[in-house]
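Subject: Structure for you to look at

Hello,

Here is the structure I said I would pass on. Please open it first and keep it beside you while you read the rest of this email.

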Amino acid sequence: MTDIVDELKWRGVIALSTDEDALRKALADGPVTFYCGFDPTAASLHVGHLVQVLTMRRLQQAGLRPLALVGGATGQIGDPRPTAERTLNDPETVANWVTRLRAQIEPFLSFEGENAAVMVNNLDWTAGMSAIEFLRDIGKHFRVNKMLTKDSVARRLQSEEGISYTEFSYQLLQGMDFLELYRRHGCTLQQGGSDQWGNLTAGLDLIHKLEPHANVHALATPLMTKADGTKFGKTEGGAIWLDPEMTTPYAFYQFWLNADDRDISTYMRILSFKSRAELEELEKQTEERPQARAAQRALAEELTTLVHGAEQTAAVIAASKALFGQGELTDLDDRTLAAALSEVPHIQVDRLGPVVDLFAEVGLVASKSAARRTVKEGGAYVNNVKVASEDAVPAKEELLHGRWLVLRRGKKNLAAVEVTGG
């Protein structure tokens, strides 16, 4: 199991750790139980959570035993954000989100064998605890001056809004989680993002005070960023969610396919399960022929398969090819086609009109005269069929699934028209 530390370091997965030598010794001495926590502050995980989920998977494959904590208690509070107080969700909503997040995490882990994963919920050990018990048994061991040094707390204290006692106390809850998991499951390693380092070490400190002979560790993964300065996992349409109802598999696939060449090596090493040799070959291809986007395609296919399954991935890839004339649009099911076309410029019309009007209205060209010129030059396509006449009007029978037209100018400029009239 000690090899996993070298593997994680090569992949850039370790941003911070408490004592690497001590962790290596613990791994060499026998099976290690570790945990990672996820707060249900939304109805779905997003791609940023994949760093933690896939690191858990990687650690389990190396022989460690994972505890996946979905926080029914901490989810009702929320880790302090650097900018503003969170809106508290009612317990029923949080409970529903706990169920949804558990269902998203479970497929990535194995629940069989000697190091079978266990799902846990911190509401189990907080729900019955009184305020007096919490303050005496847990709060007594935390020092306010140290809690104030946490970055998000310090930034909030300097803001006009300040920070509530509720969010300030989040550190105590997460620290108690590690203590409880140590006592209940023999958990000696906590994994999380580097932005959680203060919370991770709070748990270590609490265990050291109450269980002085415990040998416990913390490991933090780096925060993923984009080379262009925008936040990882965000697009113009918002967050990229793992729930297919919130982000379609097509949009999920396209997110990775459109990754910046400057970012793709980092993404692959942290998120892919391909071997070092395979990753280095893809990095080489990106350097030599970036236009082929070999690394992006490989990662998009791998992650879409992991999150949405092989069948959905195959449908998404078929749609990607068909939109650009490399497959049959008529082979795509309605749901996949609609998802794909929602990612390109599109308009709704009551009835079909001339092709040149549609090209201009959807924004593929600047004007109707430009549309006529595109047709004349042989660069206008409707459903991958070249438009032969400037006066062409699509027939109702050409509508895909009775409502869609795929318009294309040249090889790469796509748009869609949805006919809503009868």
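This is a predicted model: local features need pLDDT of at least 70, side-chain atom pairs count only at pLDDT 80 or more; totals for chains, interfaces and linings use all residues.

Start with the open sheet of six strands, whose order is β1-β6-β5-β2-β3-β4 and whose pairing is mixed. Its edge strands are β1 (16-17) and β4 (118-120), each of which pairs on one side only. Strand β1 pairs with β6 (residues 217-221) over two bridges, in the antiparallel sense. If you want to find this pairing on screen, look for Ser 17, which stands opposite Leu 219 in β6. As background, strands of a sheet pair through backbone hydrogen bonds, and the pairing is either parallel or antiparallel.

Helix α10 (residues 170-185) lies across β2 (33-38), β3 (65-70), β4, β5 (187-193) and β6, and runs at about 145° to β5. Helix α11 touches β1, β5 and β6, and its direction makes about 170° with that of β6.

There is also an open sheet of five strands, in the order β9-β13-β12-β10-β11, again with mixed pairing. Here the edge strands are β9 (346-349) and β11 (385-386), and each pairs on one side only. Strands β12 (residues 404-409) and β13 (residues 413-419) run antiparallel and are joined by six bridges. Leu 407 has Ala 415 in β13 as its bridge partner. Helix α18 (residues 355-362) lies across β9, β10 (380-382), β12 and β13, at about 80° to β12.

Helices α1 and α2

Two packed helices are described by the angle between their axes and the distance between the axes. For α1 and α2, the axes come within 9 Å and cross at roughly 135°. That angle makes α1 oblique to α2, because angles over 145 degrees would be needed for roughly antiparallel. Which residues meet where α1 and α2 touch? From α1 they are Ile 4, Val 5, Asp 6 and Lys 9, and from α2 they are Glu 20, Arg 24 and Leu 27.

Asp 6, Lys 9, Glu 20 and Arg 24 are linked in a network of salt bridges. Within it, Arg 24 forms a salt bridge with Asp 6, and their closest N and O atoms are 2.6 Å apart. Arg 24 belongs to helix α2 (residues 20-29) and Asp 6 to helix α1 (residues 3-11), so this pair ties together parts that are 18 residues apart in sequence. Asp 6 has 40% relative accessibility and counts as partly exposed.

Other salt bridges

Side chains of opposite charge can pair when their charged atoms come close. How many salt bridges does the structure hold? The count is 20.

One is between Lys 146 and Asp 205, with the closest N and O atoms 2.6 Å apart. The pair links distant parts of the chain, since Lys 146 is in helix α7 (residues 144-147) and Asp 205 is in helix α11 (residues 197-210), 59 residues apart. Asp 205 counts as partly exposed, at 27% relative accessibility.

The other joins the side chains of Arg 293 and Asp 261, at 3.8 Å from N to O. Arg 293 lies in the loop between α14 (276-288) and α15 (294-308) and Asp 261 in helix α13 (residues 261-271), so the pair ties together parts that are 32 residues apart in sequence. Arg 293 is partly exposed at 22% relative accessibility, and Asp 261 is partly exposed with a relative accessible area of 30%.

Ser 272

Is Ser 272 buried or exposed? Its relative accessibility is 1%, so Ser 272 counts as buried, because the cut-off for buried is under 20%.

Leaving aside neighbours within four places in sequence, Ser 272 is in contact with Arg 11, Arg 58, Tyr 267, Leu 279, Leu 299 and Glu 302. With Glu 302 there is a polar contact of 2.6 Å between the side chains. A polar atom of the Ser 272 side chain also lies 3.0 Å from the backbone nitrogen of Lys 274. The C-alpha atoms of Ser 272 and Ala 300 are separated by 9.8 Å, and the two residues are 28 apart along the chain.

Regards

Terms used:
Residues are numbered from 1 along each chain as its sequence is written. Side-chain values use heavy atoms; hydrogens and water are left out. A salt bridge is a side-chain nitrogen of Lys or Arg within 4 Å of a carboxyl oxygen of Asp or Glu. Helices (H or I, at least four residues) and strands (E, at least two) are DSSP runs, numbered from the N terminus. Buried means under 20% relative accessible area, exposed over 50%, partly exposed in between (1.4 Å probe, protein chains only). Contact means heavy atoms within 4.5 Å. A polar contact is a pair of N or O atoms within 3.5 Å; within protein, one must be able to donate a hydrogen and the other to accept it, and residues adjacent in sequence count only if both atoms are side-chain atoms. Two strands pair if DSSP finds at least two bridges between them. Axes are lines fitted to C-alpha atoms, for helices over the stretch in contact, and angles run from 0 to 180 degrees between N-to-C directions. Angles under 35 degrees count as roughly parallel, over 145 as roughly antiparallel, 65 to 115 as roughly perpendicular and the rest as oblique.
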